[in-house]
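User: I would like to learn how to read a model like this one, feature by feature. Please start with the backbone.

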Amino acid sequence: MTPGIDMFLDRADAGRRLAAKLAGFSTASRPLLLALPRGGVPVGAEVAAALGLPFDVLVVRKLGVPGHEEYAMGAIAGGVMVLDHEVVARLGVSLDALERVVAREERELERRERMFRGGLAFPQVEGRTVIVVDDGVATGSTMSAAVALLRKQNAGRIVVAVPVAADDSAERLRGEADEVVTLLEPGNLGAVGRWYRDFGQTGDDEVRRLLEASRAATADR
């Protein structure tokens, strides 16, 4: 836990604070920053701007428990699925119900890929240092799916970077990624939003605006 921080003003403030802790990665092997939309994009945009990193999105979709969609039983990203089998078994989620959730989230994932990427190909990650940013980690299922996808695509080094993460989830992710960078790791996380004074929803238009601005800035360098 970083001394002197107990709450972030908003996602931009969290991104600026996180950038300071990631400064050493600006000279890594062909670094690339990927944010999980939507909430991770304002955080990632600040990190990318501060460190001069190329910036894009990695679209991941949570698989919510039927009837309790806010509760994750896994996640999907780019053909990779991560399941929490203990949650699936404990809550008695049937195979049919699971398949319906996966099909629905695959459709949404494809829609967001088209909307945010606008026909651009996913960046090449092979051999590169890839920093994956979100606004926070609770269960960590979406971040696990992102890491699994990057492993599948032979990323050289995978760094998970978030302002706040549940301590047990951060510890588990340290066994999946090459490094995990956080500012806060509370033992009793609750909702990620409780660690932000302003945790308003990030809209699709804001995501597109931030991505376009970052791509334009990168093109000018």
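Predicted model: local features only at pLDDT ≥ 70, side-chain atom pairs only at ≥ 80, totals over all residues.

User: Which residue just after α2 has a positive phi?

Analyst: Gly52, at about 70°.

User: What is the phi of Asn154, and where does Asn154 sit?

Analyst: Asn154 is not a glycine, yet its phi is positive, about 65°. Asn154 belongs to the loop between α5 and β7, just after α5. Its relative accessible area is 45%, so Asn154 counts as partly exposed. The classes are: buried under 20% relative accessible area, exposed over 50%, partly exposed in between (1.4 Å probe, protein chains only).

User: Which residues does a cis peptide bond join?

Analyst: Pro37 and Arg38, with omega about 10°. Arg38 lies in the loop between β1 and α2.

User: Now helix length. Why does the span of α4 agree with expectation?

Analyst: The expected span of a helix is 1.5 Å times one less than its number of residues. Helix α4 covers residues 95-117, which is 23 residues, so it should span 33 Å. Its end C-alpha atoms are 32 Å apart, which agrees.

User: How many residues do α2 and α5 have, and how far do they reach?

Analyst: Helix α2 (residues 40-51) has twelve residues and reaches 16 Å from first C-alpha to last, close to the 16 Å expected. Helix α5 (residues 141-152) also has twelve, and reaches 17 Å, close to the 16 Å expected.

User: Which residues of α4 are buried?

Analyst: An α-helix has 3.6 residues a turn, so residues three or four places apart point the same way. Keep that spacing in mind when reading a burial list. In α4 the buried residues include Ala97, Leu98, Val101, Val102, Glu105, Glu108, Leu109 and Arg112. Met115, Phe116 and Arg117 are buried too. Ala103 also lies in α4. It counts as partly exposed, because its relative accessibility is 29%. Ala103 and Glu113 are ten residues apart in sequence and 15 Å apart in space, C-alpha to C-alpha.

User: Why is α2 described as largely enclosed?

Analyst: Nine of its twelve residues are buried, so the rest of the structure largely encloses α2. Among them are Val41, Val43, Val47 and Leu51. Gly40, Pro42 and Gly44 are also on the list.

User: What covers the buried residues of α5?

Analyst: The cover includes strands β1 (32-35), β4 (68-77), β5 (80-83), β6 (129-133) and β7 (157-164), plus helix α6 (167-173). The covered residues include Met143, Val147, Leu149 and Leu150.

User: Is Ser141 buried or exposed?

Analyst: Buried, because its relative accessible area is 11%. Ser141 is in α5. Leaving aside neighbours within four places in sequence, it contacts Ala72, Gly74, Ala75 and Arg172. Contact means heavy atoms within 4.5 Å.

User: Where is Met7, and which residues is it in contact with?

Analyst: Met7 is in the segment before α1 (11-21). Leaving aside neighbours within four places in sequence, Met7 contacts Arg194, Trp195, Tyr196 and Arg197. The C-alpha atoms of Met7 and Leu184 are separated by 8.9 Å, though these residues are 177 apart along the chain. Met7 is partly exposed, with a relative accessible area of 27%.

User: Finally, the whole chain. Why does its radius of gyration agree with a compact globule?

Analyst: The radius is taken over C-alpha atoms, and the globule rule is 2.2 Å times the number of residues to the power 0.38. For 221 residues a compact globule would have a radius near 17 Å; the chain has 17 Å, which agrees. The secondary structure comes to seven helices and eight strands. Buried residues make up 51% of the chain. Among contacts between residues at least 6 apart in sequence, 68% join residues at least 24 apart.

Conventions:
Residues numbered from 1 in each chain as written. Heavy atoms only, no water. Helix = DSSP H or I, 4+ residues; strand = E, 2+ residues; numbered from the N terminus.
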